[in-house]
Amino acid sequence: MTRITLALGATAALMGGTALHAEELSVVGSWSGLPLHKQYEAPLWTETLPEATGGALTATLTTHDQMGIDGGDVYRMLGDGVFDVGMTVADYAVADSAALESLDVPLVAPDAATARAMVDAARPMVDDIYAEVFNAKVLGIAPYPPQVVFCNGEISGLADLEGKKVRASGRMTAKLLEALGAEGVNVSFGEVPGALQRGVVDCAVTGAGSGYSAGWWEVSTHLLPLPLGGWDPVVTAINMDRWNSLSEEQQQQLETAVVDNLQEPAWDAAQDALENDIACLTGNGDCPAGEARGMTLVEATPEDNEMAREALVTEVLPDWAARAGDDWAQRWNDSVGQVVGVTIGG
């Protein structure tokens, strides 16, 4: 009996030690109404991570839109330690780092495999930016679907964007639109439907799935599935001081959980998601997400692709290199540029 009592006491002590060293993370996710959050972020933080760690790592989860904070403030607040983990579109943070624009270059990734290769190649640069600018450690990078063009009015191709006011999904996209003769307009994602309806903008760029989930088909008529806005990667990062406070085991558990349950499955689903989202928006094919809508599909022509890529290479990327600096441009040439076959200044 004494041995049993001692054994139970030792077990209780061990359990008590685990409980004392359990860590609860305050987490701010990306847009609450979109599939990336619903399908991957929310289950990861509320179910998978606590279960995988036996309660050693838990989380309280909200999103930046539920908090009422601007997407551009997420990583600033993360760096200040307002919360522990933040997730949002990297393009929202380019005001703090021009170099960060290079993570999501428009047009150069026509499919998910190329987009993934781009992100992997850019990852060392992204790690350095988040450490230096935001006092944060990157845990993973997941995609939204390609950022395509929604227009409330008839268009037949890319040339018809000339003279139109177009909501851009990021700074480099805005530069590309301006190079094509359009006016890039800064409107937050949540305000786009009203802006399209009132004519504040004629067209808007976002992910096809995001536009479907947010009801953009109610206020736009034509869809041009040319990736003018890239793939809008969402970066999951943790405050560096909080990261350093975790044990090596907890760090490994956390990073593995993000990669295995958010980053990898989101990339695996990305290509099929684009095809399904276009079907859902236009009715051209089956819509697994719900009711298909009736937007007019405007197929991009080879001329559209050539026009946009010429603007990107001759105007947009050199403009970025001038703002970010030669060192960052060279790093991009040596990494991402090698993957996509584009050289800035070459």
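1. Y130 has a relative accessible area of 0% in this predicted model. Because buried means under 20% relative accessible area, Y130 counts as buried. The residue belongs to helix α5, which covers residues 112-134.

2. Y130 takes part in an aromatic pair with Y75. The ring centres of Y75 and Y130 are 4.9 Å apart, and their planes stand at 85°, so the pair is edge-to-face. The cut-off behind this label is that planes over 60 degrees apart count as edge-to-face. The pair links distant parts of the chain, since Y75 is in helix α4 (residues 74-79) and the two residues are 55 apart.

3. Because Y75 lies in helix α4 and F134 in helix α5, the pair ties together parts that are 59 residues apart in sequence. Both Y75 and F134 are buried.

4. The structure holds six aromatic pairs. Elsewhere, ring pairs join W31, F150, F189 and W216 into a cluster.

5. The ring of W217 has the charged end of R293 sitting over it, 3.7 Å from the ring centre.

6. Five strands form an open sheet in the order β2-β1-β3-β10-β4, and their pairing is mixed. Strands β2 (57-63) and β4 (136-142) are the edge strands, each pairing on one side only. From one strand to the next, the twist averages 20°.

7. β4 pairs with strand β10 (residues 234-239) in the antiparallel sense, over six bridges. As regards individual residues, K137 has I238 in β10 as its bridge partner.

8. Helix α2 (residues 35-52) lies across β1 (23-29), β2, β3 (85-89), β4 and β10, and runs at about 150° to β2. Helix α10 (residues 248-282) lies across β1, β2, β3, β4 and β10, and runs at about 25° to β4.

9. Which residue is the bridge partner of K137 in β10? The partner is I238.

Methods:
Residues are numbered from 1 along each chain as its sequence is written. This is a predicted model: local features need pLDDT of at least 70, side-chain atom pairs count only at pLDDT 80 or more; totals for chains, interfaces and linings use all residues. Side-chain values use heavy atoms; hydrogens and water are left out. Rings of Phe, Tyr and Trp (its six-membered ring) pair if their centres lie within 6.5 Å; planes under 30 degrees apart count as stacked, over 60 as edge-to-face and the rest as tilted. Helices (H or I, at least four residues) and strands (E, at least two) are DSSP runs, numbered from the N terminus. Buried means under 20% relative accessible area, exposed over 50%, partly exposed in between (1.4 Å probe, protein chains only). A charge sits over a ring if NZ of Lys or CZ of Arg is within 6 Å of the ring centre and within 35 degrees of the ring normal. Two strands pair if DSSP finds at least two bridges between them. Axes are lines fitted to C-alpha atoms, for helices over the stretch in contact, and angles run from 0 to 180 degrees between N-to-C directions. Contact means heavy atoms within 4.5 Å.
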